[in-house]
Amino acid sequence: MTPRRAIWAAAALPLLFIGYLFLYPLIRILWLGISELELADLLAERRIARVAWFTLWQAAASTGLTLLLAAPLTWAVSRYEFPGRRLAQALVIVPFVLPTVVVGTAFAALGWRDSVWAILAAHVFYNVAVVVRTVGGMWARLDRKVEEAAATLGASPWRVFRTVTLPILRPAIIAAASIVFLFTFTSFGTVLILGGFRYSTIEVEIYRQAVTLFDLPMAAALSIGQMVAVTTLLAVYARRQERTASPLVLAPEASTRRRPEGRTAWAVAVSVVATLTALFVPPAVLVYRAAADGGFRRLFVDEPVLGRPLDAVPTSLSFAVAATAVAVVVGMCAAYVISRRGSRLSQVFDVVLMLPLGTSAVTIGFGFLIALDWPIDLRATVALVPLAHALVAVPFVVRATVPLMRSIHPSVREAAAMLGASPGRVFRYIDLPIVARAALVGAGFAFVVSLGEFGATAFIARPNTVTIPVMIFRLLGRPGLGNFAAAMALATVLGAVTAAAIMIMDRFRSTDLGTF
Amino acid sequence: MLTVDAVTVRFGELRAVDGASLEVGDGERVAILGPSGSGKSTLLRAIAGLEKLENGRILWDGVDLAGVPPHERRFGFMFQGYALFPHMTVGENVAFGLRMQGRDAAEIRSRVAQVLEWVGLAGFDHRTVDNLSGGEQQRVALARTLAPDPRLVMLDEPLGALDRALRERLIVEMTDLLARAGTTALYVTHDHDEAAFFAHRVALMRQGRIVQIGKMEELRRNPADDWVADFLG
């Protein structure tokens, strides 16, 4: 039993952090949206109805397309053993970890701006990994005997797939679809870059209303609508998650993979090569065009309005370091509280600390913009951007460290206490060394999240706090091929730094990425 | 001297310990004996400060320990399952309590060597704890408990997880060690023979209450009620 005083001491910082940076701005948004805007006005706006409709159908279309196009690769890597399978599984994750601005710029580099297809293609590119991991994870463990039994009862291969395989995989497919739908429903950077003025999701519209048109009540009302939608989606998803496949049909992964033969071997080869090539093209074109158009040289040259593009790199790196430090300290305090089971605070924290993860980045940025002028005008300080990044990153630190902290048997901490260790020293000598590696992984996530964060930063970046993603976005908005080349080059740099950070982190990671 | 005065510990509706009183004199070894679920481990944890008292007092040399957190009681506690620190070597485990007291490195080193020698694990300093045998783990836990020289040693089913032959050997070693050092000790067990061998006096516990205290022979000769007679055979 950890003394209540120690738990409250650890809880103070996360409570203050979440309370001031998350809950308080949320309340300000609610107040603004409810007090200054009639719901009738909102519905009367034809544009808003169009935006809502577009948000919905593009998310549905992106989800359907992603499931369809990811299916062959998912089938190949989960059912068959072939040279390069592990590599294929690792490579497919790369698009998922790329910042949205990089993905948007890559598709812009293909010459696909201002079109629905560009948006859908970018969404598929980004989310193939979700399907391969979520559905493939279950498919790889589906016992072949179940399918073979159906075959011996006279079912053709297609009927086996339709009547046995598909129904068993259903929970995983629905889970993957929900995640992809949520991601694409709240898509911001990609749509902002590729959609031009014609196509706008609710996220993008919040940004337009607040930053371009300065209609804050309208932006607030849209944020509220977005929160309601996202919360509903998450609730449905959580419900679904409880139902998983019957353990009866699951077998150890290694036993279900076969060597493909004959025509199957060809199908496997085509699935893998075609999908990976399609995923390879956008980043490859980005890098090629950045170099061919002289983008890298441009990074060192002053742009009349934006200044030297390369200056965004040290800004981003120092913000990422600061955000990571804050996120790790706050996240570890929160993990300490959550892992002390039995206290009511632990249950509350378990939910509250995850909220920023389920909130759209744009809402967080918007909230900072309208709320953080009290009690001091935090918006005028350089701390604003790192704090926003830390807020988004805290859930990653918590998720990385809580399982390990929970794995420490209570009697181990009690033994330390009986040997004279105060609660602080128990944390320092027992918890900290045991979760150090996991905390490092959490820190890595926080770092990567901060580097790529765009939704919140777009709202709150000032001329002296322009991060790499914001600089890329602004370069894309400036006229001239030179600026476009510079944007591509900077996107290449950001993609490379992110990939490097992920690879370094991967070496420290003992556990899997887990669920998204 | 330890005084347990009418202590009650509650878990929700259940009174795990119900008005238990007990005295342990300096250098005395007392066993708390009872069937599983009788509250004996909870009583031990309450004395350690690991459970909140609903009622009653715990005193050391007449001083009430209410408000003294576990880490300031200078009591040693050996846990069921040992609770060794998985990320530390044998030597680091044993040294932990000494480090918490702020002893200097040379002193810690010689004390660790001495205590490990007592438990028959001389030279085990650098071994990791996860590839020790059950008996070795038990000895490390004992060494770790004794190293900081606590004023009271509490042992919670310290031999529970071991096989019969090993238990018979270790109870002799452990009793011998504590007797030679003149350590005040409380020993929780459900095993009559262990209790009889280890302790000067035995406290019998049932449903949270201490039903009888005395030397084992006395309890056998004059059981307080039918249940005691039955339990002791």
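How are H11(A) and H19(A) oriented to each other? I took this up as the opening entry, keeping in mind that the model is a predicted one.

**Entry on two helices of chain A.** I looked up helix H11 (residues 202-212) of chain A and helix H19 (residues 361-371) of chain A, and found that their axes come within 10 Å and cross at roughly 20°. Angles under 35 degrees count as roughly parallel, and H11(A) and H19(A) are therefore roughly parallel to each other. I also noted that the crossing of H11(A) and H19(A) is left-handed. Turning to the residues that meet, I listed Glu203(A), Ile206(A), Tyr207(A) and Ala210(A) on the side of H11(A), and Val362(A), Phe366(A) and Leu369(A) on the side of H19(A). Sorted by class, this contact has six nonpolar residues, one charged residue and no polar ones.

I counted eight helices and ten strands in chain B. Its radius of gyration is 18 Å, close to the 17 Å that the globule rule gives for 233 residues, so chain B is as compact as a globular protein of that length. Of the 233 residues in chain B, 44% are buried. Among the contacts in chain B with a separation of 6 or more, I found that 65% join residues 24 or more positions apart.

**Entry on where the chains touch.** I then looked up the contact between the chains, where 19 residues of chain B are in contact with 18 residues of chain A. On the side of chain B, the elements that give two or more residues are strand E6 (75-78) and helix H2 (90-100). By class, that side of chain B has twelve nonpolar, six polar and one charged residues.

Definitions and conventions:
Residues numbered from 1 in each chain as written. Chains lettered and ligands numbered in written order. Predicted model: local features only at pLDDT ≥ 70, side-chain atom pairs only at ≥ 80, totals over all residues. Axes fitted to C-alpha atoms, helices over the stretch in contact; angles between N-to-C directions. Helix = DSSP H or I, 4+ residues; strand = E, 2+ residues; numbered from the N terminus. Parallel < 35°, antiparallel > 145°, perpendicular 65-115°, else oblique. Left-handed = near helix turned anticlockwise from the far one by under 90°. Contact = placed C-beta atoms within 7 Å. Nonpolar A, V, L, I, M, F, W, Y, C, P; charged D, E, K, R; others polar. Rg over C-alpha atoms; globule rule 2.2 N^0.38 Å. Buried ≥ 20, exposed ≤ 12 C-beta atoms within 10 Å, placed from the backbone.
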